[in-house]
Amino acid sequence: MADYYAEFRRGYPPQVFDALQETFELSEADVVLDVGCGTGQLALPFASRVGSVVGVDPEPDMLRLAREAAAAQGIGNAVWMLGADADVPALGALLGERSLALTVIGQALHWMQHDELFRAVKPMLRAGGGIAVISNGTPLWLQDSAWSRALRGCLEAWLGTPLEASCGTSGRDRLRYAQALESAGLVGVREAVVEYSGELSFDQLFGGVCSAIPADQLPEPDERAALAERIREALPSGERFTEHVRVSTLVAEVGAES
């Protein structure tokens, strides 16, 4: 799963990083924390904008690939830590008198106890710092297109279960996260959206699907070609796989009284 994640998970538009750098006045004096960092899709682009980046993830293979990507890009100010959202409070003790300028959480937030995470992060933020919750587009099998609906039907038949979870990308999810940020004592909660379209090859589509399948459900390597063929046969013949991506960034800041 981690290999598919590293190769096929889409990155984030540069406008997202530009906006966050401006909002939180990020500089070389700052530390950014990425919770559920995966293979570094969020953490690595921040490295050139701040003093250091801390990526936390519960999967060793994700961290291995993030570390390799950082080395390949000549990034030396990223630190990778094995842990889950529940381990974030312990990071506060490690930081000591240092504080975080920004904590970012991407699509992995739907696996976390977000209410508790937001409350734990708030005391660790510097004045003017905050939290950004970023969703990077609707899952491939829940988009509004014929190929996406066909993909969903194929995967549901293969997995034997309905695929309804939006992985934190729906309007209802974003509202729930926004309310939780406010309940944690953060202020100025607002959403910024970047939208774009692009075409996927079949290999990119299949790789994206495999990156989202839990490791214990992913077929063994010698069985994946059969799954790929099953999906290929289910998709509309000759149709281009055009994906419409809506990147949503929920931003919340530390209040003046903090």
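Contact means that heavy atoms lie within 4.5 Å. The model is predicted, so-called local features need pLDDT of at least 70, side-chain atom pairs count only at pLDDT 80 or more, and totals for chains, interfaces and linings use all residues. Residues are numbered from 1 along each chain as its sequence is written, and side-chain values use heavy atoms, with hydrogens and water left out.

**Exercise 1.** Determine which residues of α7 meet which residues of α10, and classify them.

*Solution.* Step 1: helices are DSSP runs of H or I with at least four residues, numbered from the N terminus; α7 covers residues 146–159 and α10 covers residues 224–234.

Step 2: from α7, the residues A150, L151, C154, L155, A157 and W158 meet L227, R230, I231 and A234 of α10.

Step 3: this contact has 9 nonpolar, no polar and 1 charged residues (nonpolar: Ala, Val, Leu, Ile, Met, Phe, Trp, Tyr, Cys and Pro; charged: Asp, Glu, Lys and Arg; polar: the others, Gly among them).

**Exercise 2.** Describe how the axes of α7 and α10 are arranged.

*Solution.* Step 1: the axes, lines fitted to C-alpha atoms over the stretch in contact, come within 9 Å and cross at roughly 140°; angles run from 0 to 180 degrees between N-to-C directions.

Step 2: α7 and α10 are therefore oblique to each other (under 35 degrees is roughly parallel, over 145 roughly antiparallel, 65 to 115 roughly perpendicular, and the rest oblique).

**Exercise 3.** State which residues join α9 to α10 in contact.

*Solution.* Step 1: α9 (residues 202–212) packs with α10 at an angle of about 115°, the axes being 11 Å apart.

Step 2: F202, L205 and F206 of α9 make the contact with R224, L227, A228, I231 and R232 of α10.

Key. Helix = DSSP H or I, 4+ residues; strand = E, 2+ residues; numbered from the N terminus.
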